[in-house]
Amino acid sequence: MANPLRVGEPVSHGPRTLLQRPELAALIGCACADWAYIESSLTMFYGHLMGVYLPKYSEFEPSFHPVALQVLDELQSIHAKVNLVKKLADWVVKDAAQKKDVLSVLEKLRKSGEGRNLVAHGVWGVCESEPEALILLPTFGHQMIYKKRDFELILEKIQGAKVELGRIHHEFYQQRRNK
C-alpha cells in the first residue's frame, strides 16, 4: 500500500518524468492497456444484453445489438458505463442468482476502475530519496510513494475484474446461445 512522502522532500515532475522509472512507467502502461480491454469486453457484454429482444439469425447467435457499440463508446467515465450496463442487466437477466452475480461483478469492476483512474490520470513525479518509486502528486492531500508492489496490486484488481467480466459474459452468452 502506498505511503505518504515525508513533507518537504523535493519532488521533480514534468514531461517524460516517468521515463526515469521505466519499470514503473511500464506498469502504468499495462494498467491503461488492460483497462482498454475491459472497456471493450464491457461493450460486447452490453451488446449481447441489448440483443436479447432482437430477432434470432442462426449466423449471428446470440443476437448482438450494433447500437450498443455506439452508446457505450459515447460515455466517457467507467462509472457511467457500468451504471448503464447494470441497469440493463437488472432488466434483462431473469435468473435471480445470475442477476446477483452479474451486478456484483459489475460493481467490483467499477471499483477496480478507481485504481486505473489513479494511475492513468495521476500527476507523477520522482524523488531522489525514493529511487525505486514514483510519487503521486495529488491536488489535495499528501504526496504518496508508489513502489512496484503498489502498481502490481492495482494490476491484480484490474486482472481480477477482467476475468470476472469474461466469466459472466461467457455464461450469459452460452445461456442465450443454448435457448
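**Close-up views of aromatic pairs and paired strands**

View 1. In strand E4, Leu136 is the bridge partner of Trp124. Strands E3 and E4 pair in the antiparallel sense over 3 bridges, where two strands count as paired if DSSP finds at least two bridges between them, and a hairpin joins E3 to E4 through 2 residues. E4 and E5 also run antiparallel and are joined by 4 bridges, with Ala133 standing opposite Lys147 in E5. Strand E4 spans residues 130-136 and is mostly covered, 5 of its 7 residues being buried; buried means under 20% relative accessible area, exposed over 50% and partly exposed in between, with a 1.4 Å probe and protein chains only. Strands (E, at least two residues) and helices (H or I, at least four) are DSSP runs numbered from the N terminus. This is a predicted model, in which local features need pLDDT of at least 70 and side-chain atom pairs count only at pLDDT 80 or more, while totals for chains, interfaces and linings use all residues. Residues are numbered from 1 along each chain as its sequence is written, and side-chain values use heavy atoms, with hydrogens and water left out.

**View 2. The aromatic pair of Phe45 and Phe172.** A search of the whole structure finds 4 aromatic pairs. The ring centres of Phe45 and Phe172 are 5.9 Å apart and their planes stand at 85°, so this pair is edge-to-face; rings of Phe, Tyr and Trp (its six-membered ring) pair if their centres lie within 6.5 Å, and planes under 30 degrees apart count as stacked, over 60 as edge-to-face and the rest as tilted. Because Phe45 lies in helix H1 (residues 22-50) and Phe172 in helix H5 (residues 148-177), the pair ties together parts that are 127 residues apart in sequence. Both Phe45 and Phe172 are buried.

**View 3. The aromatic pair of Trp124 and Tyr146.** Trp124 and Tyr146 form an edge-to-face pair, with 5.2 Å from centre to centre and 90° between the planes. This pair links distant parts of the chain, since Trp124 belongs to strand E3 (residues 124-127) and Tyr146 to strand E5 (residues 144-147), 22 residues apart. Trp124 counts as buried at 7% relative accessibility, and Tyr146 counts as buried at 11%. Ring pairs link Trp124, Tyr146 and Phe151 into a cluster.

**View 4. A charge over the ring of Tyr37.** The charged end of Lys162 sits over the ring of Tyr37, 4.9 Å from the ring centre; a charge sits over a ring if NZ of Lys or CZ of Arg is within 6 Å of the ring centre and within 35 degrees of the ring normal.
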